[in-house]
Amino acid sequence: MIFRKKDEIIVPYTVEQCSSCNAISKRKFKEGDFVFKNTNACSSCKGQMSIAKIFGEVST
Amino acid sequence: MWLVWIVPIVLFMFYGQKIQLQITSSEINKSLEKLKTFKEDTRKELLDYIKSTIKPAADPSTKIDRYLEYFTIMPVDLDPNGIIQKIRHTMRSREDYTRLQVKTLSSEINSLESSKIENILEAVTTLHLLYKMVRHLFLTAKKQNNFPLILPLQMMMPFIMEEAEALKDAVSAFKQGQPIGDGIGPMIVGKMMLGTEKKTAAFETVWSEKEFEGRKLYLLKAEGPAATVGRPGDALERIISENKPDVIVMVDAALKLEGEDSGTVSQGFGAAIGGIGTDRYQIEEVATRHKIPIYAVVVKQSIKEAITLMKKEIADSAEKVTSQIHEIIKDNTKPGHSVLVIGVGNTLGVSQ
């Protein structure tokens, strides 16, 4: 029992990056997201945001 | 008083193995029950997914259940001459048949959904096979009351359960179209391909050209965001027949050793590509024929991480791998040379 592992909950996240100002925003993954997909306009410079990464992180 | 000690000694002398068999059997039985749950849950998940996404006209359960029982007979290896072509032919026949079967579920199914269902089906089939194999060995040992026969099974159970849990968790990533750990190679090369014209190199495989410090780069990966590994062997053969590169760089995920950190980047030589071996053979054969050196960059991860949602540590290694690829190119080529960079792995959730 001392070697019993705790069950981890992995939460998927999507990281978007602006192609002009390199601003990064992280949000929860939504179905239909895929890496390098163009998303909304950047909130600071109105440049094109695209998905740079999708990954799972252990919820704390 | 001394009799208190004699009784258990005598008991264990005559019945020790039987007692141990009972204890081991109950442990294996628990794992077997868990395997059965995994197998049934993933089958149900697959059927629910098919019904909710592609809405087939008929109930798909009979077709899926029949598929779970399919087997593949590997070619005879008494005379290994030409066996690779035979294996490739057998495996491609199976893949083509699976693809066709999935397409017949609904006339409105697109290639992305089709590839996801094919991958989930593969995971469910493997779980089904694992359950049947473990059950066979367990029941044989019990039937014959054969303790030595159950020992190898007891030793293998933790590894089997690790794989089974990974397969069970993989279904969720496949359903949602999330990138898996194995997709790190296509993710790195896909980023290098952004803004270039993509051309078809082979079935479900794309390539493009790019300039890098006076060198010409030929970038190759499976066509995303579908759940496919493409056909890198065929694609490489086609590219080399038209433009011979001076160096080949392959990027892939590799199994880490226990104690190694996930996302560690390693560099080496030779064709970095997994699978049954037919693509690796094809790549090695073509590279040897044209005397092209192959360099490999791998990102370490566990079996579970390779087939489930990509972990942050693995995704974060992308920048490091890209700079290592650039270093390999600069160290081993001169301006005017050309390099073929291949991103190997399942490109689910990763476009280009």
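**View 1. Pairing of strands β2 and β3 in chain B.** The bridge partner of Phe212(B) in β3(B) is Arg215(B). Strand β2 (residues 205–212) and strand β3 (residues 215–222) of chain B pair in the antiparallel sense over eight bridges; two strands pair if DSSP finds at least two bridges between them. Helices (H or I, at least four residues) and strands (E, at least two) are DSSP runs, numbered from the N terminus. The model is predicted: local features need pLDDT of at least 70, side-chain atom pairs count only at pLDDT 80 or more, and totals for chains, interfaces and linings use all residues. Residues are numbered from 1 along each chain as its sequence is written, and chains are lettered from A and ligands numbered from 1 in the order in which they are written.

View 2. Seven strands with mixed pairing follow the order β1-β2-β3-β7-β4-β6-β5 (chain B). At the edges stand β1 (199–202) and β5 (265–269) of chain B, each with a single partner strand, so one side of each has no neighbour in the sheet. α6(B) packs on the sheet and touches β2, β3, β4 (247–255), β6 (294–301) and β7 (338–343) of chain B. The direction of α6(B) makes about 135 degrees with that of β7(B) (axes are lines fitted to C-alpha atoms, for helices over the stretch in contact; angles run from 0 to 180 degrees between N-to-C directions).

**View 3. The side of chain B that touches chain A.** In contact (C-beta atoms, placed from the backbone, within 7 Å) are 17 residues of chain B and 13 residues of chain A. α6 (184–193) and α10 (312–316) of chain B each supply at least two residues of this side of chain B.

Methods. Contact = placed C-beta atoms within 7 Å.
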